[in-house]
Amino acid sequence: MVYRVGIDIGGTFTDFALLKGSEVVLYKNLSTPEDRSLGVMSGLEKLAQMEGLPMDEFMAQCDAIVHGTTVADNTLIEMNGAVTGLITTEGFRDEMEYRRGYKENVWDVRLQPPRQITPRRRRLTVPERILHDGSIHKPLDEAAVRECCRRLQKQNVESVAISLLFSFVNPAHEQRVAQIVAEEMPGVHISCSHQVLPRSPEYDRTSTTVVNAYIGPRVTSYLERLVTRVREAGYRNQLMVMQASGGVMTREYIENSPVRVLASGPAGGVIGSAYAGVAKGHENLLCVDMGGTSYDISMVLGGAAPAVAGWNIHHRYLVGVPMVQVETLGAGGGSICHVNQGEIEVGPASAGSEPGPICYGRGGTRPTITDALLMLGILSDTSEFAGGSFALTRDGVAEAFQAIGDEMGYSAEDAAFDCWRMVNANMSQGVRRITAGKGIDPADMCMLAYGGNGPAFAAIQAEDLGINRVLVPKASPTFSALGTLVADPTIDEERSYLVSADSVDIGKLKSLWAELAERAHRYFTNAGFTAAQVTAKYQLNMRYPGQNWALTFNVRVSEGLGDLAFVDGEIGRRGIEIFNRYHMQEYGHIREDEVPEIAGVRLATSVVTPSPTVGHGFNAPARLARVARTRRANLGQGYREVDIVHGADLEPGHEVKGPAIIEETFTTIVVYPGWQALVDDAGDYELVRTAGPVVAAGGS
Amino acid sequence: MSFELNAKLAARREPLPTSAEVDPVTASIIRGGMETICFEAATHLGRAASSAIINQSNERNGSIVDAHGRLAGAAIGTPHLTFVSGLTVRYGLMRKDDYDWGPGDVFLGNDPDCGGGHLPDYNVYAPVYDDAGELIMVQCLQAHQGDTGGKDPGGFTLEATDIFTEGMAFPCLKLVHRGERRRDVFDMVVRNNRFPSFAGDLAAMIGGVQHSVRLLRELVRKWGSDKVKAAINYNIEHTERRVREEVGQWPDGTYEADVFVDHDTIGSAKDIRVHVACTVSGDQLTVDLTGTDDRQHLVGVWNTFANSRGYVMTQVVAAMDPGINKNEGFFNVVDMIIPEGCIAHPPPNRPAALGSFHPACEITEAVCVALSSIVPERSAPQVYKMGMPNAVIGFDERGRMWMDQGVDSRTCDTSAVQGIDGWGSCPVSLGNLLLSQVEDAESRFPVINISREMTRDSEGAGRWRGQPGSLNVKQVLEPTTAMAWMVTSRHPLRGMCGGDDASPYSNRFKVGTPDEHKVELSANETLPVGSVIAYQYGGGGGFESPLLRDPGAVREDVLDEIVSVERARDKYGVVFTGSVEEFDLQVDAAATAARRKELRESKAA
């Protein structure tokens, strides 16, 4: 048997998805925050046991271990990265503090500054200057570089970011600075901007490089620990790591650019969604992941989750590498409900998993959304919770909501219902704000809900947004692990090249793409793939002069690397044609009198690896599911007796008519009034709106 | 006569008539829905517009005004614009029968004498009717346009003595009638603009409000007109209640401030005065600008009435809990007295372009200074004190004009507030505007940016200090024209509660040559190849006496080369052992105590 293992480490649980043949086995265990690789190893041992194999044999049969980690995100959240210094061009010491003028809240004069990764004393400058055409305007003052090293050493700097103006055009000065730093500060971690993010403008590139330097040593040492452990346990292949772009790549690649694993956790879930949604016949998906602390929203368009490079503000720092776009609202099961000056508010503060909601019985005293669900009868203290690991308690819950009711002038049940309404409204508005940015009407999409709390709200959310169909995969609570398993090895990089599209230097364009292709070739070869296995998307970033944001599009998609014959005298004209088409599509107009410019070239390369087969279709005979019991619950239309169905009792073909509640092992699916749940041939759920306009049944 | 008109436009409006009741949560959900739609409209404009000031700098605002002309909801952009756009719509509402308003119509207004700000701030708005034909609300989109068809590109003419020099004014112009674009009107508006991208921007604004009107009609259908009207009333009343609670906590009394603009735009007069008296009486606030300069010969320093109201409100809002929903409820608590004929309430036909910079910002600053004694924890001026960034203008080989402007504005007016040192590059209210970058500018224009670092010892000192100013040095590689207008040199941005003022702005041309000179008022010069210009930005003001600053924080500033050892000793009274070079700097507690005593005594004497 050949195995592939996907592993996703979250705040509370580490999720595992084991692929053997076309079958997927899911497993969850508690994370081990002190050394997360320990939880990974104990989970792998459990999988080996489940397969009836000794650990070394199981590991030897693993073709790939694919891993999504939050170690980079945690470093930025906790601000406990390496002591970092920055060497930059004389005259430009303070860009990191200026942030291009950006501030997150235009109304709050008490907005706190972000904590500086590189306070001014560790931002040092050297005389040198390269111009936009790559020419050297002022030579590098090497003595000044050595003096910088001396000053950084005195401050015990562990990691040095180097970012000089126009290094993406001519990296000679940055390379020389890196050599000197390596000589003067042996053992220090070095991040060069021309390697981390070789494109303009300077703040974007510098910020990304500084973040890379800050998280780099932590990510590297964590991965080294994990690699040592899996090797010792008998694993023989390269460890693959999830990136924010939604692709995975080898540890070797990640170690040169650790910033690429930031935000990779949510990306795994989106990739899993895209995969499952497409398999079931839905290419345009609104993906909602509601866990304990947050509500993550993302979109799959045309079967793909687009990774956007550019203005990605992440934990208050700009990180310009490609990221699958995931928007996070502070609305999860643990979000705290309270009254602020006569208005009910939900979140963003969260009770987390410790002490957690009041109904967890672990000392929580502030009412949360999970508590509201208990009040509404959507959750129950007589049913199993979280896979039977503990039972919910009503102690203190009604009293907490009565305190809200007292302020608002009504009962505890009314208070819980209003909290439910508020969180619903917050989520709908969050979705609308994100789809608006893309000019998309959510009503045209299919919703895919996952995370422990997603399926409890999905259908009512969908109704509010005009969506008639919701997919709830059975694997939804471990979706991010599944995502790492289906994600393909990917390298997505770009190089700046600013030129009017009517005067392109063909040689220059070729050499940039050739350089990117050579890098991809090297890393894929080291990972055990051949150049012929690689799919290459040659892309241009283009814009009208004066625009800051470029549009990225394919000019050539090829199987295999290296054939640049398509870069000919017509490339500029073809670029303008495609660009104008995209501009019309995106922005509704083109500027006929203006020649667009090329801002850069990009090469996205990937290799297809085996993924689980996702079943679909509705071929099993339709029949109503068995109702286990009823319970008093309020599903938006007042309290009444509502059917309760056990997920374990359901098989393909079963139907559950709303109002009803389906209790699954790790989640609760609410079938709201006017909705119906169908179980497809793979055992996954599809919620369909039966009242009001319903589109023709699809999915097979 | 615009004074009478302004009084009518600013008069308090009644709640919308409705028989429906609404619970707080439903009201909140409807408000959220309206704000999200407003956000969609502004986002649509951002995506569709072709001019950089809209699609990159985000200088665009969405707001919803109810059928009585009350601000009912707002989204993104800058607070300064949020509180201005309502009066243009009120003018339209006054004339709605004359102008045959109906479903599907879209209007344009920008007239300074009919509720507008300065001419470039085009307000495109569209009424929302319910299915029974009742007007419920109006969706507005306001955006700064790159030109207004006046004498100078951009619409800023230093010597303008009337509005007609600056371009075309539209009181209330119907662009779309019952869903059909009026081609003749549209083309005439487009003709009166220099930039070819303007037609697309105007079309994008129309598209944005039409998109929003569709969604708002759906919202009205979903909840019913009566419920929506009740929700608007509730939300405005709720904000009013919240604002009254805030004002009610402030001690009764009158708090005054004077702030000065160095000179008018042609230098015909100095020390242009803005006087503000903020009176708190119970839960009511009155902002009285009586005493503000009203010399009729002043040039270029006339701020429109609507702008003056908006710029007062921007600072009042900053002084309160940022979580209060932004709507008409604020205006219901704040009485404004803005004397007719003063520079904050000009007679008809005065130029308006540069007045939106100064004295507009000084009005905001004066409100901040006045309130600083009672709301110190929220007193940071929301201003932009530069006259204008240096504009460098030339022509390319095809004869097309290019202009490099604004790349170099850094650390402008980033003042401290109680407990927080000034930080970043501008006050929070301008935090949506993204500054351009050297690598983009130099790829387009024949210039080299030499420096834009913070300047040591230029912070407004204080217990909490302002962000230092920055020196922005640029060299031109071809013969070019450079334009500048300087203010805030003799009257820098004020510190708060005993904190030092920010450092003055200054500007030097042809640096390092025998012709080097300081720009005192304005400049419009030809620069030969290789010329260097250097603009010193002022940074932010301090908060409370620098002698109260934590010596440990001064040590950090010295290590960060924001403050020199000498300034630490003479301004903050902090004395060190060790050296900056060796990073072993330590506060000498005894010497510091002695030095602070000495400085306090010499100040007292």
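I note here that the model I am reading is a predicted one. I located B:Thr488 in the loop that runs between strand 16 (480-485) and strand 17 (506-509) of chain B. I then looked up its backbone and found a positive phi of about 60°, although B:Thr488 is not a glycine.

I stayed in that loop between strand 16 and strand 17 of chain B, where B:Cys497 is also found. I read a phi near 55° for B:Cys497, again a positive value in a residue other than glycine.

**Cis peptide bonds**

I next looked for cis peptide bonds, and I noted one in chain B that joins B:His358 and B:Pro359, with omega at about 20°. I placed B:Pro359 in the loop between strand 11 (334-337) and helix 12 (360-371) of chain B. In chain A I noted a cis bond between A:Gly658 and A:Pro659, where omega is about 0°. I found A:Pro659 in the loop between strand 31 and strand 32 (660-663) of chain A.

**A loop residue in chain A**

I turned to A:Asp649, which sits in the loop between strand 30 (639-646) and strand 31 (654-657) of chain A. I counted 13 C-beta neighbours inside 10 Å for A:Asp649, so I list this residue as partly exposed. Which residues does A:Asp649 touch, if those up to four places away in sequence are not counted? I found A:Ala625, A:Arg626 and A:Ala628. For the pair A:Asp649 and A:Ala625, which are 24 residues apart along the chain, I read a C-alpha separation of 7.9 Å.

**Helix pairs**

I recorded an angle and an axis distance for each pair, since two packed helices are described by the angle between their axes and the distance between the axes.

In chain B I looked at helix 2 (residues 24-48) and helix 8 (residues 198-223), whose axes come within 8 Å and cross at roughly 160°. I therefore describe helix 2 and helix 8 of chain B as roughly antiparallel to each other, given that angles over 145 degrees are classed that way. I noted the crossing of helix 2 and helix 8 of chain B as right-handed. Among the residues of helix 2 of chain B that meet helix 8, I wrote down B:Gly33, B:Ala41 and B:Leu45, and the residues on the helix 8 side include B:Gly207, B:Gly208 and B:Trp223.

In chain A I looked at helix 5 (residues 142-154) and helix 6 (residues 172-184), which pack at an angle of about 45° with their axes 10 Å apart. That angle makes helix 5 of chain A oblique to helix 6 of chain A. I noted a right-handed crossing for helix 5 and helix 6 of chain A as well. The residues that meet are A:Glu142, A:Val145, A:Arg146 and A:Cys149 in helix 5 of chain A, and A:Val177, A:Ile180, A:Val181 and A:Glu184 in helix 6 of chain A.

**Where the chains touch**

I then looked up the contacts between the chains, and I found 61 residues of chain B in contact with 61 residues of chain A. Which element of chain B gives the most to the side that touches chain A? I found that helix 2 of chain B does, with 11 residues.

**Chain B as a whole**

I counted 16 helices and 22 strands in the secondary structure of chain B. I read a radius of gyration of 25 Å for chain B, which agrees with the value near 25 Å that a compact globule of 605 residues would have. Along its principal axes the C-alpha trace of chain B spans about 80 × 65 × 45 Å. I also noted that buried residues make up 59% of the 605 residues in chain B. Of the contacts in chain B between residues at least 6 apart in sequence, 72% join residues at least 24 apart.

Leaving aside neighbours within four places in sequence, I found A:Cys419 in contact with A:Cys337, A:Ile344, A:Val346, A:Ile369 and A:Ala372.

Note on methods
Residues numbered from 1 in each chain as written. Chains lettered and ligands numbered in written order. Predicted model: local features only at pLDDT ≥ 70, side-chain atom pairs only at ≥ 80, totals over all residues. Contact = placed C-beta atoms within 7 Å. Helix = DSSP H or I, 4+ residues; strand = E, 2+ residues; numbered from the N terminus. Rg over C-alpha atoms; globule rule 2.2 N^0.38 Å. Buried ≥ 20, exposed ≤ 12 C-beta atoms within 10 Å, placed from the backbone. Axes fitted to C-alpha atoms, helices over the stretch in contact; angles between N-to-C directions. Parallel < 35°, antiparallel > 145°, perpendicular 65-115°, else oblique. Left-handed = near helix turned anticlockwise from the far one by under 90°.
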